[in-house]
Amino acid sequence: MAKLVTPQKVVLYPANENTWLTKSINTKDFRCKCNYTSCYYTIVSPVFITKLEEFSDLALEQRGFITKLTSGFRCQRHNLDCGGRENSNHTRGMAADVDITGISAPIVEYLRLIAVDIFDYVFVSMEKGYMHVQYNNEV
């Protein structure tokens with residue numbers, strides 16, 4: 001049986017916006033980290049942000065891990081600079097990279113197991129110190 005794919009609604013915020021999306025995630029945490037003057041907005045998927053908050057709550061509750069984002073939304077230009085894929089979920093507000101620098105491998109594995117129950121796709125790079133999470137209801 002084919003999976004029904006429904007496009008997610010997204011919200012656009014001005015790049016300099018400072019608005020709480022959830023109790024612990026602010027637009028300034030999720031905005032593009034580039035310095036391009038052509039980067040005027042931040043795209044946010046409310047569905048993804050809700051899932052990111054769920055992950056953050058469980059990680060804190062079960063392991064005392066405070067979620068810090070190294071990357072959320074990326075403009076197309078910055079995404080290419082980072083080596084991101086064309087049409088990356090970062091460019092649609094549906095992906096984030098969580099900082100795992102200095103976290104032991106067993107704790108990272110526990111966090112990964114939490115994440116795979118919430119997101120469509122999870123990738124861990126211990127070498128680069130991040131866990132990529134995404135949810136777009138299309139995987």
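**View 1. Ile 103 is partly exposed in this predicted model.** Its relative accessible area is 26%, which falls between buried (under 20%) and exposed (over 50%), judged with a 1.4 Å probe and protein chains only. Ile 103 sits in the loop between β4 (95–99) and α4 (105–116). Helices (H or I, at least four residues) and strands (E, at least two) are DSSP runs, numbered from the N terminus. Leaving aside neighbours within four places in sequence, Ile 103 touches Phe 65, Val 108 and Met 126; contact means heavy atoms within 4.5 Å.

**View 2. Four strands form an open sheet.** The order is β3-β4-β6-β5, and the pairing is antiparallel. Strands pair if DSSP finds at least two bridges between them. β3 (69–71) and β5 (121–125) are the edge strands, each pairing on one side only.

**View 3. Two bridges join β3 to β4.** These strands run antiparallel. Leu 69 stands opposite Val 98 in β4.

**View 4. Val 10 is partly exposed.** Its relative accessibility is 37%. Val 10 is found in the segment before β1 (11–14).

**Notes.** Residues are numbered from 1 along each chain as its sequence is written. In this predicted model local features need pLDDT of at least 70, side-chain atom pairs count only at pLDDT 80 or more, and totals for chains, interfaces and linings use all residues, while side-chain values use heavy atoms, without hydrogens and water.
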